[in-house]
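Subject: Structure for you, with notes on ligand and pockets

Hello,

Here is the structure I promised. My notes follow below it.

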Amino acid sequence: MKFATKAIHAGQEPDPTTGAVMTPIYQTSTYWQKSPGEHKGYEYSRGTNPTRKALEDCLAAIENGKFGLAFSSGMGATDAVMKLLKPGDEVITGNDLYGGSYRIFTKIFANYGIKFHFLDLSNPDNMLPYINANTKQIWIETPTNPTMQIIDIEACAKIAKAHQLLLTVDNTFASPYLQNPLDLGADIVMHSVTKYIAGHSDVVMGALVVNDEDLYKKLWFIYNSCGATPGPQDAFLALRGIKTLHLRMKAHCENGALVAQFLKNHPKVEKIYWPGFQDHPNHDIAKKQMRGFGGMISIVLKGADLQETFRIASSFKVFSLAESLGGVESLINHPATMTHGSIPREEREKVGVTDNLLRLSVGVEDIEDLLEDLKEALK
Ligand SMILES: *Cc1c(COP(=O)(O)O)cnc(C)c1O
């Protein structure tokens, strides 16, 4: 089946008891057993719930994977992947990461004896000198947040296979509509479902999708043991959101391209990060591994100090100043103090997350209103 059909139908059979076409919200923590251990596949909702199961099957289908797991947040999903590790293990990751990923690596898992190498992976060979007997995982994000670096997933997967490392790709920025890392050799796809997948800024959720059954079982064991699993209401909202993912992503890509063009020529913009430009350093890789360039754009304001950047960020009328991304509405964010506030200044400035950088999540409103809003705010 093709993407749009899977987005609307995968995992969702008419309800066997009533014929309801939409998957019901099974608001139950527990399930009746005829005699101990004799049940219909559901025992307790931390581990299994039918609404969540429908969502997990749908997530697996749209990522071209076999098994999906939904978590109560993207960070809950990340946490589960890191819990595959043991003290002494090492992880190779990028130097431009979602702030919360950096925080959980350095402030939580480092305390459990896990070592992280934050490297510039725009050339994946940069990781080779860091691979040793303790290296167990590679964790990448592409496009990266917020500087839109593109990392070659297939090249990372080759290195991972050669050294028997597990490769996880945080696919939040691209969404399964634009990029499917499992097809390119990744072992685990991670999503903040909160963003494009659910798409309406009304639910916080995470997901993992894998092909390997043993890996799925290990991750399910962590998910059930540690308990970062979402409730059925949120699973329903995410399922409903996915039904329009393909329509929304097309509109995000169209609006994103027009906003990027407008900003590229704007006198107030010193630098713009968007993988759709031919002069983006890894544009060819973006073209190879993505089916579109998305609606995430970052800009560096010319000659603006923190105060002027704040003034501009606060003067939009259609774009809302807020963390998060990927919803139908346009958002603007100041990474240095908002999403990436947990990364030390020297670290973030090294990759270009300066005080005058703003990140846009271009929504699906009318493009004329979005361009007018940008024009006025940048005056
Ligand atoms: C938001 C985000 C996360 C974290 O997801 P939550 O759902 O907020 O826990 C991880 N990675 C990226 C790229 C994100 O944008």
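Which side chain has an N or O atom 2.8 Å from an oxygen atom of the ligand? That is Lys 195. The pair is a polar contact, here two N or O atoms within 3.5 Å (within protein, one must be able to donate a hydrogen and the other to accept it, and residues adjacent in sequence count only if both atoms are side-chain atoms).

Before the rest, the ground rules. This is a predicted model, so local features need pLDDT of at least 70 and side-chain atom pairs pLDDT 80 or more, while totals for chains, interfaces and linings use all residues. Residues are numbered from 1 along each chain as its sequence is written, and side-chain values use heavy atoms, without hydrogens and water.

A polar backbone atom of Gly 74 is 2.9 Å from a ligand oxygen. A backbone N or O atom of Met 75 also lies 2.9 Å from an oxygen atom of the ligand. Taken alone, the ligand exposes 380 Å², and the protein buries 93% of that (Shrake-Rupley method, 1.4 Å probe).

The shell holds 15 residues, each with a heavy atom within 4 Å of the ligand. Gly 74, Asp 170, Ser 192, Thr 194 and Lys 195 are the closest. α3 (74–82) and β6 (188–192) each supply at least two shell residues. Both are DSSP runs, numbered from the N terminus (helices: H or I, at least four residues; strands: E, at least two). By class, the shell has six nonpolar, six polar and three charged residues. Gly counts as polar here, and Tyr, Cys and Pro are among the nonpolar.

**Pockets**

Lining residues have an atom within 4 Å of a point. A volume is the space filled by probe spheres set on the points.

The largest pocket holds about 500 Å³. Of its 18 lining residues, Asp 15, Pro 16, Tyr 26, Tyr 42 and Pro 50 are closest to the centre. Its lining has nine nonpolar, four polar and five charged residues.

α9 (245–264) and β8 (269–273) each give two or more. β8 gives the most, five.

Where does this second pocket lie? It lies between domain 1 (3–242) and domain 2 (245–377), because both give residues to its lining. The bounds come from an automatic or database domain assignment.

Best wishes

Key. On a 1 Å grid over the protein atoms alone, a cavity is a set of points where a 1.4 Å probe fits but cannot get out, and a pocket is an open set with protein on both sides within 12 Å along at least five of seven lines; lining residues have an atom within 4 Å of a point.
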